[in-house]
Each structure stands twice: as C-alpha cells, then as structure tokens.
Amino acid sequence: MAQTLIVNGEARESDSDPDTPLLYVLADELGLKGPRFGCGLAQCGSCSVLVDGVEVRSCVTPVAAVTNARITTLEGLPGLYAEQAGLTDAPELTPLQQAMIDEQAVQCGYCYNGMIVKASELLAANPDPSDAQIVDHMNGHLCRCGTYPRIVAAVRRAARAMNGGAQ
Amino acid sequence: MSARDVRAAFDRRFVLKAGGALVIGFPLAGRALAQGADAAVAENLVRGAQAGPPDAEQIDTWLAINADNSATLYMGYAELGQGTTTALPMVAAEELDLEIGQIDSVQLDTNITPYQGGTYSSASIARGAPGVRRAAAEARQALLAMASEFLAEPVENLSVEGGVVSAVNAPAKVVTYGELVGGRRFDLAFTGAAPVKDPADYRLVGARAARKDMRAKVTGDYAYMQHERMDGMLHARIVRPRGQRAYGDGARVVSLDESSIAGIPGARVLRQGDFIAVAAPREWDAVRAAQMLAVEWAAPERPLPDSADLFARIRESATDDAVIEERGDADAALSDAAFTASFSSECPYQIHAPFAPNCATADVRADSARIVCSSQDIYATRRGVAALIGLAEEQVRVQYREGSGTYGKSCYDDCAQAAALASQLAGAPVRMQFMRWDEHGWDYCGPPHIGEVRIGADADGRITGYAYDGWQHTWSFVETTQQLATGAPAAGWPTGASRSVNPLVCGGMYSIPALRLTDHMLKVEDWLRAGWLRSPLDLAFAFTSEQAVDDLAYQLGMDPVEFRRRNIADDRWLGVLEAAAEAFGWEPRPAADRVQPVVTGRGIGLGTHLASWGGAAAEIAVNRSTGRVRIIRLVGALDAGCVVNPAIVEAQITGQLVQTVGRMLHEEVQLTPGGAASLDWASYPVARFADTPQITPVVVQRIDEPCSGAGEETMAAAAAAIGNAFFDATGKRISSFPMTQNRVLTALNA
C-alpha cells in the first residue's frame, strides 16, 4: 500500500505496510543514514527523528502515524535550522553540529544521530538552556562511549553561537 | 616552502615534460615520473585481488603515495571509536613529513590490509604504531633516494615539508612525493635500515589534533556497518531463546513450526542443527518473523543460579587452583605484620552492550565468500567463518566497517558467523542484524569475581606481605553460532592475562617483599559465555585490593595518598598518583563528617590493565536514608608513555571514567535458572547524562617512552577510588558493586 511521507521537505513514496516502523522506511527504502537501529524498544534514542519539530523514536512509530507530518532527520537539520533562524540558504552544518566538532565530542558516534536531533529540539525551544535543563532534556539518550560531558559542552557552545555570543 | 616555490616546482616539472625529460629513469626503481589517476585506479584494482595478509616487509603493503601528493595508509588496526584512524596516520605523517590532512587510511580488509594482531588490549598505538612508523620511515628513505636522484643533490642536503622535497642550499630544486611515485607502487622491500625520527624532533606526535572522522559522524554521512547493503540481499535475524543459558548448554531445539510464519511475505526459516535464523526481503518482515516463529527449546541442563545466589554458587563450585605469582613467604609476613587488613569482594557479570547491536553482511557462494562485519580481528573472523562454512581461509574475504563502540568481545564474531551461515543456507546474500535482546542476551560477558585479599604493614607504614585469591572463570572459545550449528562442545581459553588475577593491579604498584597471587578457576561450561570486556576483571581487582590498602592506611592513621607514596618505588606509578592527587586538590585531612543524612567522601585509587599506569581520585555523596550514591567528581590520570594525540587520550579517559560510573552504580547481568535476564537498557541500566560527574582527565605525557595503551587503564583506578570514597563518606566498606540502593543500605547497616 503506497503512502506519501514528507521527509526533509520532500514528498517521498513508501510501499511498506502501514504498521511498519518508520525507521525501516527511512533506512531501507529512502537510504537515509541518520536514523539508525539501536534497540527497537524506544529506550536509547538511536533512531530519533523530528516529527513536526518534536523528537520521536522512529523504531516504534508506525509509518501510517506520520503520513501527514513533517519528518526531519539528521540530514535535514541544516534546512530546518535555516527555516527557524530565518536564513535564505541552509548552512552546511548547524551551529550544534559545528559545536560537536569544536568540542571534539564524538567517539564511535553511533548515538550522535539521536543526540543531535534531541539537542536540536531543545535549542529550537530554549535558546539558552542551563546545564541542568540540558541534562534533563537529553537524559533519555544513551551514549555507551561516555561522551556526555562533551555533548553538554557542545550544546552550551551552540547556544552561545546561536545567540551571537563568543564561541 | 612558500606557495610560489610549490608553483615553481610544478612549472619546472611541466617544463621537463615538455622537453622530453619525462623519460628520466630512476636507477633505484627504474620508473618514470608520476603517471596520474589511471595508475591510482589500477593500483586499487590490484589491491584486494588476492587473499591476505600481504607481505609486511613491503612498503606497498603499508603505504601508497598518490598523484596529488597525498598518502594512503594501509594499517592493521581498526577504528572502534577510539581515534585510531586519526592517531596512526599521524604517526605515519610524522615520519613522512606530511601534514595530517595529506594522509588517510582505508578500512581493514583481509585482501588488502596487513595483519598486526587484533584491535584489542588498547594496543592500536602500542603495537600498531611501531609497524606504521617503520613502514613510513622506509617509504621516506626510498622517496628521498628518488628525490636525490631527481634533484641531483645528496640525500643529506634534502629536507621535506608537506611531502615537498627541497634542497637545503638550493631552494629552487624541488620535487613532491606525488611527482616521484604518485599513483604507482614502490615495489621495494624494507631495508631494515631506515632511520626513524628522534622524538625530540616530533612536530605532530604529541600535539593535539582534531579527529578525522568527526565531521562525517555529525552530518550523517558516515557509513556504519549497519548501513552496509549487498545487491540482492535478504534481511536476516537469528532466533534463539531470549537470554543465554549456561555456556555448556547451548540451546537445543525440541520442535520448530515453520507454518507459524507462513503469513509473512517471503519469510523463510534457515536452520542447521540448533542454529535458527529467518530471512525476508523486507527488514520489518524479518523482525516479525523472528518474533513469531514458533520454536520449543529444551529446558536448561545446567540451570544458572538466581542473581541473589550467584556468589554462594561460586563459593561452593569446584575450581582449578594455581598460584600464579609468589615471592617470599606471604603467610609468615602477614602473621608477623604490625597491622593487617583483609577484604573480600563480590563483583558481578557485566556486558559490553554496544550501543548498536552487531550487524554483518555475507555473500557466501560455492567457492568464495565476502563477509562485512565489525570484528576486532578480521583475520581471526576469517578463520572462524571459513571453518564454519567449509571453505579455505583464502576463499573468504572479511572486510571491516565500524559499528558502535564494542569495548571488547561483543557479539561481532557470532554475528559474522550467523550472517555467513544464513547466506549459505539461503543461497543469497544476507544482512544479519542482531536485535537488542540478541546482543544483550548472548553477549560474551565480563566474568564475575570474588576477591579475597590480605595485606600487612610494619609500624612505619611499609607493606610487608600481600596475598590475593581470585575466583572467576575464563573466556569461552567457541562462538555461539558455531556451537549451535555444529554441536561443538564448549571449550575455554587457557588461563592467562586478563582472565587471571592481574599481578600489575593486585599489589604490583607497591614494593612488597612477600606476595602470593592465586587463581581459583571455575569450570567454564557451567557459566555464562565470557570474553574480554574493557578493563577485564581489573575493576574488580582494583576495587578489592585498593580498598584493603586504604584500610591499612586508615589503621595506621596515615593519609591514603601518603601511605601509597611511601610504598611505591616506581616513578611511573608515583607520577600518576601525584597527578591524580594534584588535579583533585587532595589535602590530608581527618575523615569526613558522617553526621548528615547525605554524606560526602573522597578516595584515591591506582590501577591499570596490561601496561600503562592509572591513578584516580573520586568525590561521592551517599544518602544514608535511601542508599543512593551520586558520584560528584572524578579525576583520572594516565601515563601511557608517548601519547600521540593528547586530545584523543583525554577523550578516552573521559569515556573510561563515565563508563566506570555506570559499572560501579548500575551495571549487573540479572540471572535466573532459565538464563540471563538482562535483555535491554531497562533490565541492564548504564550511565546516563544525569549520572555524569564532573570529569577531569589528566594525560601524563612521556614522549620518550614507548606507547603503552590508553583505552581502559584508569577504569580500575577509578573503581578503587569510588570504593574508597564510600568508606571516607560513611565509615563502612562496601564489598560489592554495582552500588545499588539495596547493597548500599546493607553495607551501611553491617
């Protein structure tokens, strides 16, 4: 049964069963590398995407539930950021992605899809989060390499950059 | 050299070309100037045609110089997230006088990359760098000989910067590596005489540098193993009981009803012996089929204990005992000591639990196979897969792709074997993705441990005697897929480093005249599958031994840092002790206030793995009403000899400390008689953002010393420091981890 999804601003067709989790459509049919399998149980955040700006776990979200929504994956975050910040063109990297590089935060990096998606959700709603707010917002996302301190530092750095402050 | 000089160099080359000088030959290798991209393509086609490992004594095995004056490194160590694809190219760039941006590496491949041993034991730099350094030095020597010929200048008059060779006294005489050999083979064996740089001359090694893989990993461009696809492949899943039984039990199929998945389009059952997998063209159909397939499994023949009975079972089990190190008469020294401390610990099964379950693709044909997986040792994986599917090793090609961090022997070989067998049974390429419960439930666990330690000191605070007895079991040797498919009997690794009491951690940092270390090895088949887990058993050893050391200091009324200082003769151990204490701001003081409901305390600890020297200091808070422990601050100091990239090692220390928080506070495999019951992140909690203390990594740089490993050593020290901080906070010793609320309340009421 064909259905249409709006992914990163483009209409995409899927012929998966309506109860197929969104993750498998994004990864297998659309070939996106951002959302990725981690637990299939909505416990880790590996598969996170934004649906109408809200972070959801695509591994447990049936594709039929999001056919009328705007889905943004890691790949689409620069475009979404440009829209949110009133920029004409999407940057290559969002300030958050740049901050992750500047903090040299990543080790294996597998969890960073979810980390960046979740922190982008936070920064869109709260441009100047405290450390406690960052930790509280991010606490449902796991990183087995233990890069949490640098992720928090990167979110802080990104907030400063987005507010025009010194990086 | 300036940009104009480079330009002049290129102009000169073109002039030479125009003048017919392209035919200039090199006596050394008898070849012409750079041939450009076609040669590079041809070179790449040649690589990979034959089964490896390639000849480690040939420059071409390790390095290619490309026509654009960049270099490609073919190394034998894998990127597991620890930064190897940045640090090892830095080592090569240092010797070749290239910039970091001019060199890249390729993914490991048994038809391409050399064999340097597996990527474990934190040895990427310790064991990987010497081979890479030697190859780069040989290549530099060969390139300088070619440049000498080309520029008509003696080698000693040449200098290199950024792969541009120039004559010291004639700056106009310039040629690049790319012009000399770009895109073609060296065809040169090692001379064994190539000089390596004096560490005093290092420009890159020892300096902080950005990781090469960072950008692709934050944009979503990075291709992980889980993104690998093969043409015409099926999606596959394994079908096993949820949670492994005792290793010796395997899992026996009583009955299987294939009609239970008849309603799923294209779904098939793949079975050999007790190995069962399902495959389907669509991934969700494979997931559903694995869940719906009706299989009846035989009841376990060797029931496991409940978690609560684990240590009682260990104590009553038969063991093979062996004294692994003895000097002097430890018993006499202990009975004569003015002060003695004894301590006994119980440490749980813990698992790797990689953030992403393992994945592998396989295309197995009648006379060849290609396997892509996240193995720590692709050549060992090739051996195991070849035996399982009945091909010669040379017929099997194994290629590495990074998955999520593995922290040791997770299910990568099991998954690679499962993919290979499923492909063979299906007659089609497959992508095998373990589910979360497969990876958690069938992991090669870090074994549990009971440690009993006795230490004695004289009245001056000098340790005189030490005895450590350790109960644990060794690692399992047979992969689960192999065991289920072939009925291969359970077998264990022989005892040895990382599975025996560790002499470096158990008293090894102190000068102790009389010492005895004893292993009590359990029968491997009666317990969970096991393998090396980051800082294997060393958390347990240090947690046990260092608490007894601390207790001795306490009895002597000595500051624990001062007590250790007095008993250490080795500068490297003293160095990390002082570094950790200084970064922590350690000052001698009386025991902490123990009146408040929430008490805080601090602790110091030392530890390592196979090499390197780790020190840590911890500050923790204990809620005496609820039993909740919060780790406030952790300092980890690491002396790993020459640190190639301090920024990467700081990240490694940070990761070690955060993972130690999880292992000390949360991580424990739950057991039931029917099998392991920790199958996901709810039943096997790990450290989260909210658990993360303030972390201070300290790199003790020793640029003139050999590199000695930086991936796990401060974990043992940190586990000890946390244990000691608990005593400082509460006045009670905690003998078991993870420090769950129940365990803490039990310790407080003891």
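Predicted model: local features only at pLDDT ≥ 70, side-chain atom pairs only at ≥ 80, totals over all residues.
Residues are numbered from 1 along each chain as its sequence is written, and chains are lettered from A and ligands numbered from 1 in the order in which they are written.

**View 1. Chain A as a whole.**
Here we have six helices and five strands; helices (H or I, at least four residues) and strands (E, at least two) are DSSP runs, numbered from the N terminus. Reading from the N terminus, the order in chain A is β-β-α-β-β-β-α-α-α-α-α. A compact globule of 167 residues would have a radius of gyration near 15 Å, and chain A, at 16 Å, agrees with that. The radius is taken over C-alpha atoms, and the globule rule is 2.2 Å times the number of residues to the power 0.38. Of the 167 residues in chain A, 55% are buried. Buried means that 20 or more other C-beta atoms lie within 10 Å of the residue's own, exposed means 12 or fewer, and partly exposed is in between, with C-beta atoms placed from the backbone. Among contacts in chain A with a separation of 6 or more, 58% join residues 24 or more positions apart; a contact needs C-beta atoms, placed from the backbone, within 7 Å.

**View 2**
Strands E3(A) (residues 48-51) and E4(A) (residues 54-57) pair in the antiparallel sense over four bridges. For two strands to count as paired, DSSP has to find at least two bridges between them. Look for Val51(A), which sits opposite Val54(A) in E4(A). Two residues lie between the strands of this hairpin, and Asp52(A) takes a positive phi near 50 degrees.

**View 2. Chain B as a whole.**
Chain B has 20 helices and 26 strands. Its C-alpha trace spans about 90 × 75 × 45 Å along the principal axes. For 750 residues, a compact globule would have a radius of gyration near 27 Å; chain B has 28 Å, which agrees. Buried residues account for 59% of the 750 in chain B. Of the contacts in chain B with a separation of 6 or more, 79% link residues 24 or more positions apart.

**View 3. Strand E17(B) and its two partners.**
Strand E17(B) (residues 430-433) points Val430(B) and Met432(B) one way and Arg431(B) and Gln433(B) the other, and all are buried. E17(B) pairs with E7(B) (residues 234-238) in the parallel sense over three bridges. It is also paired with E14(B) (residues 359-364), in the antiparallel sense over four bridges. Keep an eye on Arg431(B): His235(B) stands opposite this residue, and Arg431(B) is also the bridge partner of Thr361(B).

The open sheet runs E4-E5-E6 in chain B, with antiparallel pairing. Its edge strands are E4 (158-161) and E6 (170-176) of chain B, each pairing on one side only. From one strand to the next, the twist averages 30 degrees. Strand E5(B) (residues 164-167) and E6(B) pair over four bridges in the antiparallel sense, with Ser166(B) bridged to Val174(B) in E6(B). Helix H5(B) (residues 128-151) lies across E4, E5 and E6 of chain B, at about 125 degrees to E6(B). Axes are lines fitted to C-alpha atoms, for helices over the stretch in contact, and angles run from 0 to 180 degrees between N-to-C directions.

**View 4. Helices H18(B) and H19(B) crossing.**
The axes of H18(B) (residues 646-665) and H19(B) (residues 713-730) come within 9 Å and cross at roughly 45 degrees. The contact involves residues including Ile653(B), Leu657(B) and Met664(B) of H18(B), and Met715(B), Ala718(B) and Ile722(B) of H19(B).

**View 5. Where chain B meets chain A.**
This contact takes 44 residues from chain B and 42 residues from chain A. On the chain B side, the elements giving two or more residues are H7 (214-219), H8 (283-292) and H18 of chain B. H18(B) supplies the largest share of that side, six residues.

Key:
Contact = placed C-beta atoms within 7 Å.
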